[in-house]
Amino acid sequence: IENKFHDRSGILFLASFNGNMYYDGDAIWYFLTDVYPLVLEESKSPIPLTIAGTNIPDELYKLVETDELLSKNVNFLESAENIDELYNNARIFIAPHLYGAGI
């Protein structure tokens with residue numbers, strides 16, 4: 001059963017990192033450092049961000065752990081068994097790209 005928009009919450013970023021910061025890692029790093037803090041500051045209530053993927057780079061975990069604002073709002077999900085459920089529960093899906101073409 002598909003959730004209605006008003007039943008969904010949060011932001012989802014899904015990627016195949018393979019332990020590398022290249023490409024997807026760079027993109028979500030930019031979002032975490034330059035965009036997401038602004039979103040949180042402007043929001044009247046918390047907007048959780050789920051970063052899901054395979055072999056999420058340690059650099060991302062460290063960034064979130066060492067930032068008070070991020071650590072309260074970001075969670076990681078390593079190798080999700082069912083991505084349909086992730087999409088069905090998220091209100092927004094982001095696909096930040098710094099370089100490259102397509103999704």
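Hi everyone, and thanks for coming. Please keep in mind that we are looking at a predicted model.

Let's start inside. In soluble globular proteins, nonpolar side chains tend to be buried together. Here, the largest nonpolar core has 19 residues, and those touching the most other members are Phe17, Ile28, Leu32, Tyr36, Leu49, Ile51 and Val74. Which elements supply at least two residues each? They are strand E1 (11-16), helix H1 (24-42), strand E2 (49-54) and helix H2 (58-65). H1 gives the most, with 5 residues.

Leaving aside neighbours within four places in sequence, leucine 32 is in contact with Pro37, Leu49, Ile51, Leu60, Leu63, Val64, Leu70 and Val74.

Now to H2. Its residues Leu60, Leu63 and Val64 are buried. Why do they end up on the same side of H2? Because they cover an arc of only 95 degrees around the axis. As for the cover over the buried residues of H2, it includes H1, helix H3 (68-73) and strand E3 (74-78).

Next, a loop residue. Methionine 21 is placed in the loop between E1 and H1. Is methionine 21 buried or exposed? With a relative accessibility of 16%, under the 20% cut-off, methionine 21 counts as buried. Not counting residues up to four places away in sequence, methionine 21 touches Asp26, Trp29, Pro57, Glu59 and Leu60. For a sense of distance, the C-alpha atoms of methionine 21 and isoleucine 92 are separated by 23 Å, and these residues are 71 residues apart along the chain.

Finally, the rings. How many aromatic pairs does a search of the whole structure find? The search finds 5. Stacked would need planes under 30 degrees apart, and edge-to-face would need over 60. On accessibility, tyrosine 22 is exposed, at 62% relative accessible area, while tyrosine 23 is partly exposed at 24%.

The charged end of arginine 91 sits over the ring of phenylalanine 5, at 4.5 Å from the ring centre.

That's my tour, and I'm happy to take questions.

Definitions and conventions: Residues numbered from 1 in each chain as written. Predicted model: local features only at pLDDT ≥ 70, side-chain atom pairs only at ≥ 80, totals over all residues. Heavy atoms only, no water. Phe/Tyr/Trp six-rings, centres within 6.5 Å; stacked < 30°, edge-to-face > 60°. Buried < 20%, exposed > 50% of the residue type's maximum accessible area, 1.4 Å probe, protein only. Lys NZ or Arg CZ within 6 Å of the ring centre and 35° of its normal. Core = buried A, V, L, I, M, F, W, Y, C linked by side-chain atoms within 4.5 Å. Helix = DSSP H or I, 4+ residues; strand = E, 2+ residues; numbered from the N terminus. Contact = heavy atoms within 4.5 Å. Arc of directions from axis to C-beta.
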